[in-house]
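Me: I would like to learn how to read a strand sheet and a charged side chain in a model. Please take the general idea before each case.

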Amino acid sequence: MLALPAASAKPVVSDVRLGVHPDKTRLVIELSEAPSYRVFSLADPARVVIDLPAVDWSNGAEQDGVGLVSALRYGLFMPGTSRVVLDLDKPARVLDTFVLPPRGGKGYRFVLDVGPTDRETFLAQTRQPPVESKVPLPALAVSLPAAPKKGGDSRPTVVIDPGHGGVDPGAIGVSGLYEKDLVLGYGLALRDALLKTGRYRVVMTRDDDRFIPLRGRVKIANDAGGDLFISLHANINASKTLHGAAVYTLSENASDDEAAALAAKENKADIIAGVDLSGQNEVVSQILIDLAQRETMNLSKGLGNMLVDSLGQSTTLLRHTHRYAGFAVLKSPSVPSVLVEVGYMSNPREERDLRSPKHRAKVVAALVQAIDQYFTVQQAYR
């Protein structure tokens, strides 16, 4: 068989770096090919967003913020589109964007310069059309994975939601492990275990490294006719000794300060990925109105209690294990939903456990046991 031509491979990123100059902060992305690009700004919080073709980020290194940039994130945003998000420390305007050809042993370099400005000028920039390369990127088609319909299948539908993904890495463990990668492994293992029973239809919000907006995850569950929604996450904490799994169900009032802080952090995922959240008030209001459907919340609480009991038989639990917080992904008005934090990636010993196939199998078995119990109870009341 003939090998595929090299042109079919993704351009490779060999370096991502930020530099501070007297009058500007410069971003340089070094690639194996000259990229097309799209650059625009978003407000509240202030961000500069760069869209590129889908590229291979495996050689890119994490970058701390410097100068006008407080943080930098990059990764796959949508199929065919990579995204870089610069969180700005203060209002800044895009001074220049260009691509340098290979020279001195370096590949093609995409360069973006930002300089200080006032808020009024920055806001005016957010209303301008994107800055695009001479060969523009295809228009961004924001699409969600298709949720398969039930058809004549009467089995319960379990929707598994591995948190984060793509440009949003989530928490970063002590070894550099990304939360998005860890929980995808748990999600795929849970899918396989549920399918093996033959008792369930299973829908994944994502089964690869892609970004899914928070409201998009809820929509996938609703469109699939989900009977249960389980969002998988891992946590970090300033304390390196804190450890244990926890289960969260929805409440507008968090059960403690830590639950409130965690929900606030997780609910910023769309902001991290450079999504324009303007004009969402009506959607959010409707979701909050729909939360009057207390039956869904009560079912979620029942499942949460079952998960705590099941997980407690095989793994360490956080104190006050069943907690309540306003997670955006738990706000389906019709699908009972829980969020499971499998453990703390900031604890070196627990992170080692979380990475091990043996521990993952124990956690997955406990989840399946609780799911079985939940649907057994539901069928008994029909």
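Reply: What follows covers the sheet, its strands and one arginine. This is a predicted model, in which local features need pLDDT of at least 70, side-chain atom pairs count only at pLDDT 80 or more, and totals for chains, interfaces and linings use all residues. Residues are numbered from 1 along each chain as its sequence is written, and side-chain values use heavy atoms, with hydrogens and water left out.

Me: What is the strand order of the open sheet of 5 strands?

Reply: Strands (E, at least two residues) and helices (H or I, at least four) are DSSP runs numbered from the N terminus, and two strands pair if DSSP finds at least two bridges between them. Here the order is β5-β6-β4-β3-β9, with antiparallel pairing. β5 (69-78) and β9 (131-132) are the edge strands, each pairing on one side only.

Me: How many bridges join β4 to β6?

Reply: There are 7, and Arg47 stands opposite Asp87 in β6. Strand β4 (residues 47-53) is also joined to β3 (residues 38-42), by 5 bridges; there Leu42 stands opposite Arg47. Between β5 and β6 there are 8 bridges, with Val69 partnered by Leu88. These two strands form a hairpin with 2 residues between them, and Gly80 in the turn has a positive phi of about 90 degrees.

Me: Which residues point each way from β6?

Reply: In a regular strand the side chains alternate between the two faces of the sheet. In β6, Thr81, Arg83, Val85 and Asp87 point one way and Ser82, Val84, Leu86 and Leu88 the other. Buried means under 20% relative accessible area, exposed over 50%, and partly exposed in between (1.4 Å probe, protein chains only). By that cut-off, 8 of the 8 residues of β6 are buried.

Me: What is the nearest side chain of opposite charge to Arg109?

Reply: Lys and Arg count as positive and Asp and Glu as negative, while His and the chain ends are not counted. A salt bridge is a side-chain nitrogen of Lys or Arg within 4 Å of a carboxyl oxygen of Asp or Glu. Arg109, in strand β8 (residues 108-116), is buried yet has no salt bridge; the nearest such side chain is Glu30, 5.6 Å away.

Me: Which backbone oxygen does the side chain of Arg109 reach at 2.9 Å?

Reply: That of Pro101. The Arg109 side chain also reaches the backbone oxygen of Gly107, at 3.3 Å.

Technical notes. Polar contact = N/O pair within 3.5 Å; in protein donor to acceptor, adjacent residues only side chain to side chain.
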